[in-house]
Amino acid sequence: MSDATLSLLVLAAAVVLFVWNRLPVGVVAVLTALALAGTGVLTSEQALAGFGDPVVVFIAALFVLSEGLESSGVTAWAGQQLLARTGQGRTRVVVALMVLSAVLAAVVTPNGATAALVPVMVLAARRSGIATSRAALPLAYAASAGALLTLSGSTVNVIASDALAGATGERFGYLEFAVVGLPLVLVTIAVTVLLGDRLLPERTPASLPRDFSAHVDTLVEHYRLDHGFFRLAVPAASPPAGTALRDVAVPADVVLVGAQDPAGGPCPDDRPVTPGDVLVVSGPAEGVTAFAADQALTVARTPLTRRTREALLDAQRGLAEVLVPPRSALVGTAVFPGMVRAGTTVLAVSRRGRDVGPRPVALAEGDALLVHGSWDRIEALAASEQVLVVDSPDSVRRQTVALGPKAGAALAVLAVTIVLLATGVVAPAVAGLLAAVAMVVTGVVTPQQAYRAVSWQTVVLVGGLIPLSVAIRTSGAADLLAGGIVGLVPDGDGRLLLVALFVLTAVLGQIVSNTATVLIVVPVALAAAEASGVHPAPVLMLVAVAGAASFLTPIATPANMMVMAPGGYRFGDYWRLGLVTMLAWLVVAVLLVPLVWPFSP
């Protein structure tokens, strides 16, 4: 059996496994590479070379870049600006979401843009009184269109650009994709505005992502932060020094909540106050200020109450509700509002839903504490085994805090990366690695965040299927498929060739990931272009467009899958709007691509 036939059999088996959907796509990709080595179509080195391909490195780096923009609050800021400017009309909200999705996708990939904007979409839909099912799919489709605005917008673009470089020695420019990408964004928005009401279902999702826009208000009301507390430092010359804590005289309108020693431990009532201790008191500001002045105490911290909400949650500091679980080492530990522990301040303590008031209390299982501190400290609590954090600090921060302290660094890294990619000073993989390293070095993301940000499924998928693309090209299988396609095109008509390749790519892309589809179709397209006497550029650009047109099923792209639950969609809800959008893309691509990238060499 010839290598070409074996390559096509491996391709067919991979497609069947992708459609069967019982194995992870990464496993299918690895099995594909191993099958090519096992059948002798490729050597072991060739079968494994895909995992070290520069395309794979570039893709992994883009995930870290996306994480930096999101974790620094850039995407949250963009979402808040959107909500502040769109008003309440459905069309305005949906169009604004689609525009923002397209722009973000151009720099952080469609999957990153969709993931970042799903909470924004849910919030905008709630405030505008529209069903999330009328906004979720347009969000995902706009992200797919926006990916065609820049080279780094999608792995598909990178693959097409690398293929052009291999065939002609020249790449697509960083912004060259926008020539066709911008019209496709506008067409996608137009189809949604004109036909969205008819083609999108009215669904009620079983569950939605939590909306943390009123997070601070909810906690403030629940814990009744009316008076708060002052922390007063005791200097050496202060009159309370040497006096037992229970004997410290305070005005009638001031409550002595407790005291902490310099090591941070609570002071017993019979322990004498010593220099370096901190007295925690509650009461009106005038009374506390007079008491502090009279006793030569230094005000170390002023109250955090419902009237100072801006100080409760911002780019540097966060607010969290934690529960004491069974068998926690904290059970029996004395705490009180105003106490600082492990870098966080206890604002309130609740037992069985009731505030215990400004007094020391021994913690029991099930007690709830409202704590305040830096985001690093809040997130450290989430990793602790001693308490259970009610709401994910990361989710709260990303929805409520815009433009954190590292936002400037993240935007600077993004700008430099775009310049490097646009000018071609370095290879895309090198630019991506520089961006990823810069995000870590500047502290925008931690090394752990960087590792977690990478979608290893995508990395393995691309690395495992690159050898299949190589095998189809080198074994002669691409020539066989290309001959069949060219045979359907009378007299080598370039536009009909584009139509045939669009249909092949789009159909395959509904059941196989668009990245895998393009890796498979690219060698076929190049062979068909050569047989037809057509320059590779228009053919590869057409394949990139068709690869992004994955609209008919939820499994076509991760972005489609991300909006399935928030939109309450069923499997068959995608094809109505998706088919019309895909046909519109076909018309735009076939008419526009040859005008910009001529068929003649």
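## Helix 8 and helix 22

In this predicted model, helix 8 passes helix 22 in a crossing that is right-handed. Val 156, Asn 157, Ala 160, Ala 163, Leu 164, Ala 167 and Thr 168 of helix 8 make the contact with Pro 536, Ala 537, Leu 540 and Ala 544 of helix 22. By class, nine residues of this contact are nonpolar, two are polar and none is charged.

Helix 8 covers residues 155-168 and helix 22 covers residues 536-548. The two pack at an angle of about 165°, and their axes lie 9 Å apart. Angles over 145 degrees count as roughly antiparallel, so helix 8 is roughly antiparallel to helix 22.

## Helix 1 and helix 2

Helix 1 spans residues 3-20, and helix 2 spans residues 25-38. Their axes are 10 Å apart, and the packing angle is about 165°. Helix 1 and helix 2 are therefore roughly antiparallel to each other. The crossing of helix 1 with helix 2 is right-handed.

On the side of helix 1, the residues that meet helix 2 are Val 10, Ala 14, Leu 17 and Phe 18. Helix 2 brings Val 25, Val 28, Thr 32, Ala 35 and Leu 36 to the contact. Eight of the residues in the contact of helix 1 with helix 2 are nonpolar, one is polar and none is charged.

## Helix 20 and helix 21

Helix 20 is formed by residues 494-509 and helix 21 by residues 514-532. The axes of these helices come within 10 Å and cross at roughly 165°. Because of that angle, helix 20 is roughly antiparallel to helix 21. Helix 20 passes helix 21 with right-handed geometry.

From helix 20, the contact takes in Leu 497, Leu 501, Thr 505, Leu 508 and Gly 509. From helix 21 come Thr 517, Ile 520, Val 521, Ala 525, Ala 528, Ala 529 and Ser 532. The contact of helix 20 with helix 21 has eight nonpolar residues, four polar residues and no charged ones.

## The cavity

The model has one cavity of 30 Å³ or more. The volume of the largest cavity is about 40 Å³. Its lining consists of His 215, Leu 319, Ala 320, Glu 321, Trp 375, Ile 378, Asp 391, Pro 393 and Val 396. Six residues of this lining are nonpolar, one is polar and two are charged.

Three elements each supply at least two residues of the lining of the largest cavity: strand 5 (317-323), helix 13 (375-382) and helix 14 (393-400). The largest share, three residues, is that of strand 5.

## The second largest pocket

The second largest pocket has a volume of about 610 Å³. It is lined by 26 residues, and those closest to its centre are Asp 376, Glu 379, Arg 397, Val 444 and Gln 449. Two or more lining residues are given by each of helix 4 (54-71), helix 13, helix 14 and helix 17 (447-453). Helix 17 gives the most, with four residues.

The lining of the second largest pocket divides by class into seven nonpolar, ten polar and nine charged residues.

Conventions: Residues are numbered from 1 along each chain as its sequence is written. This is a predicted model: local features need pLDDT of at least 70, side-chain atom pairs count only at pLDDT 80 or more; totals for chains, interfaces and linings use all residues. Side-chain values use heavy atoms; hydrogens and water are left out. On a 1 Å grid over the protein atoms alone, a cavity is a set of points where a 1.4 Å probe fits but cannot get out, and a pocket is an open set with protein on both sides within 12 Å along at least five of seven lines; lining residues have an atom within 4 Å of a point. Grid points are joined across faces, edges and corners, and a volume is the space filled by probe spheres set on the points. Ala, Val, Leu, Ile, Met, Phe, Trp, Tyr, Cys and Pro count as nonpolar, Asp, Glu, Lys and Arg as charged, and the others, Gly among them, as polar. Axes are lines fitted to C-alpha atoms, for helices over the stretch in contact, and angles run from 0 to 180 degrees between N-to-C directions. Angles under 35 degrees count as roughly parallel, over 145 as roughly antiparallel, 65 to 115 as roughly perpendicular and the rest as oblique. A crossing is left-handed if the near helix is turned anticlockwise from the far one by less than a right angle, and right-handed if clockwise. Contact means heavy atoms within 4.5 Å.
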